[in-house]
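Please consult the sequence and the structure below while reading.

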Amino acid sequence: MRLPDATRMRLPVRFLRGRWPAGLERRLARFFWDDPRVILDDSAPPSAFRTAMNAIQVGGTVKVTRADRHPDADALLLDNLDLTDAVVVDIGASDGSTSIDLIRRLPAFRSYVIADLFLTIEVLTARGRDFFYDTEGTCVLVCGPRCVAWPTRSALVRLLYAPLVAAAARRAGDRREVLLLNPTVRSLMATDPRVTHAVHDVFTPWPKPAPDVIKVANVLGPYFSDEAISRALQALLDGLAEGGHLLLVDNGRYTGLEPRAGLYRRTHGRFALVARTSTLPDINSLVEDVRSDELPSAS
Ligand SMILES: C[S@@+](CC[C@H](N)C(=O)[O-])C[C@H]1O[C@@H](n2cnc3c(N)ncnc32)[C@H](O)[C@@H]1O
């Protein structure tokens with residue numbers, strides 16, 4: 001089954017579910033989309049929030065995630081490391097659903113940071129429509145009474161929506177910021193001070209002090225060139241101290257693929273494989289090639 005992804009649509013406009021005659025919706029099911037405005041509802045059920053996140057496409061990547069997505073990958077951490085008192089950083093965590101899964105399985109930990117480059121989005125409501133803007137102020141999504149459209153995904157859609165987007169731009173001061181974290185994650189953060197969130201770019205080393213574990217799931221492989229992935233891996237290596245661990249997870253873009261994960265330990269300024277699922281992440285050879293400038297490589 002394919003995950004919904006507007007990057008694959010020839011014409012990135014969809015009808016909103018529940019706003020059209022049921023018969024039409026049944027017949028043209030693949031042209032219908034769940035209302036992304038669920039992310040504006042603080043009390044949205046976690047699964048509805050996750051579904052709504054499928055519409056958010058920023059920085060050339062998608063926010064698609066699922067609950068219970070990395071059980072085997074997380075087991076690599078739990079089975080091989082003593083995480084008591086560990087500082088864990090989860091980069092590219094989307095709405096934090098998979099972070100919660102791991103947090104619930106951790107025996108004890110000192111802190112867990114749910115990090116992502118795109119943790120917020122700006123929203124403006126004007127004339128019955130909601131306009132969503134990325135961090136650069138570009139309108140990436142328009143939700144009307146009956147349709148949803150992604151203007152940055154097609155020149156034609158951009159042109160069609162240009163008058164609406166231009167009219168909305170005149171009210172830029174009315175934009176509000178929305179945190180793209182699942183309501184369950186937000187309530188956990190409100191009650192457990194060990195769990196926090198941070199904006200972080202995977203291409204930048206994690207600021208000191210170095211965490212014990214960095215988890216990066218479904219961020220690098222699907223979206224970036226090998227050269228960019230190597231740069232990200234270099235930053236990840238530089239963000240860890242000797243003995244620190246990286247958990248890399250790659251579920252592939254489609255369901256039904258066997259998840260691939262590797263747990264690596266920073267040793268002598270490079271990543272050494274500690275444990276793996278039956279299939280390694282596609283980018284394993286890039287992981288093995290990266291070297292730190294701070295330490296000479298092991299001979
Ligand atoms: C497909 S989601 C993966 C979510 C979750 N880790 C999982 O496996 O279900 C990819 C996430 O990476 C984030 N992302 C994209 N570029 C990033 C970057 N340069 N630094 C940090 N996060 C980034 C996106 O915002 C998105 O939330």
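The model is predicted. The protein contains 8 helices and 16 strands. Its radius of gyration is 20 Å, close to the 19 Å given by the globule rule for 299 residues, so the protein is as compact as a globular protein of that length.

**Overall fold**
- The C-alpha trace spans about 65 × 40 × 40 Å along the principal axes of the protein.
- Buried residues make up 37% of the 299 residues of the protein.
- Among the contacts with a separation of 6 or more, 64% are between residues 24 or more positions apart.

**Ligand surroundings**
- The ligand lies between two domains, because domain 1 (6-62 + 121-178) and domain 2 (71-118 + 180-289) both give residues to the shell around it.
- There are 21 residues around the ligand, and T65, G92, S94, L117 and A217 come nearest.
- By residue class, the shell around the ligand divides into 10 nonpolar, 7 polar and 4 charged residues.

**Residue D101**
- D101 is located in helix 4, which covers residues 97-105.
- Leaving aside residues up to four places away in sequence, D101 touches A67, D68, H70 and D74.
- The C-alpha atoms of D101 and R266 are 25 Å apart in space, and the two residues are 165 residues apart in sequence.

Notes:
Residues numbered from 1 in each chain as written. Predicted model: local features only at pLDDT ≥ 70, side-chain atom pairs only at ≥ 80, totals over all residues. Near = placed C-beta within 6 Å. Nonpolar A, V, L, I, M, F, W, Y, C, P; charged D, E, K, R; others polar. Domains from an automatic or database assignment. Helix = DSSP H or I, 4+ residues; strand = E, 2+ residues; numbered from the N terminus. Rg over C-alpha atoms; globule rule 2.2 N^0.38 Å. Buried ≥ 20, exposed ≤ 12 C-beta atoms within 10 Å, placed from the backbone. Contact = placed C-beta atoms within 7 Å.
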